[in-house]
Amino acid sequence: MYGNPDHVDERHRHRYEVNPKYVKDLESNGMIFTGQSEDGNRMEIMELKNHDYFVGVQYHPEYISRPNKPSAPYLGFVLASSNKLKPFFS
């Protein structure tokens, strides 16, 4: 949804984090960490393989979301729930 940029600037949520020693196990079971902190130690965005839209984020997308400019996770959720996610990328 972000268009594969090198950097995404979002406000990190500091309550829960993925223990780095479990990342390989989680990834081998279908979880994909598509966004990480600059040092690679914090997993910021996760998705599930073989699912149309299953996304979890470790930041506050609501802070930059506006009615006419929704943040990427919210836009993706609305598009997926209305069956318009694939046409959006076509």
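This is a predicted model: local features need pLDDT of at least 70, side-chain atom pairs count only at pLDDT 80 or more; totals for chains, interfaces and linings use all residues.
Among contacts in the protein chain between residues at least 6 apart in sequence, what percentage join residues at least 24 apart? The figure is 39%, where a contact means heavy atoms within 4.5 Å.

Residues are numbered from 1 along each chain as its sequence is written, and side-chain values use heavy atoms, with hydrogens and water left out.

On confidence, pLDDT is the predictor's own score for each residue, from 0 to 100, and its mean over the protein chain is 90, with 100% of the residues reaching 70 or more. Helix H1, residues 23-28, has the highest mean at 96, and helix H3, residues 85-89, has the lowest at 89.

The protein chain has three helices and three strands, which from the N terminus on run α-β-β-β-α-α; these are DSSP runs numbered from the N terminus, helices being H or I of at least four residues and strands E of at least two.

Let me turn to the sheet. The three strands form an open, antiparallel sheet in the order S1-S2-S3, where two strands pair if DSSP finds at least two bridges between them. Strand S1 (31-36) and strand S3 (55-57) stand at the edges with a single partner strand each, so one side of each is left without a neighbour in the sheet. S1 is joined to strand S2, residues 43-48, by five bridges, and Ile32 has Glu47 in S2 as its bridge partner.

Next comes helix H2, residues 72-81, in which Ala72, Pro73, Gly76 and Leu79 are buried; buried means under 20% relative accessible area, exposed over 50%, and partly exposed in between, with a 1.4 Å probe and protein chains only. Those residues lie on the same side of H2, because they cover an arc of only 130° around the axis, the arc being that of the directions from the helix axis to the C-beta atoms. S3 and H3 are among what covers them, whereas the face turned away from the buried side carries the exposed residues Phe77 and Ser81. Just after H2, Asn83 takes a positive phi of about 60°.

Finally, Asn29 sits in the loop between H1 and S1 and counts as exposed because its relative accessibility is 67%. From Asn29 to Val78 the separation is 49 residues in sequence and 26 Å in space, C-alpha to C-alpha.
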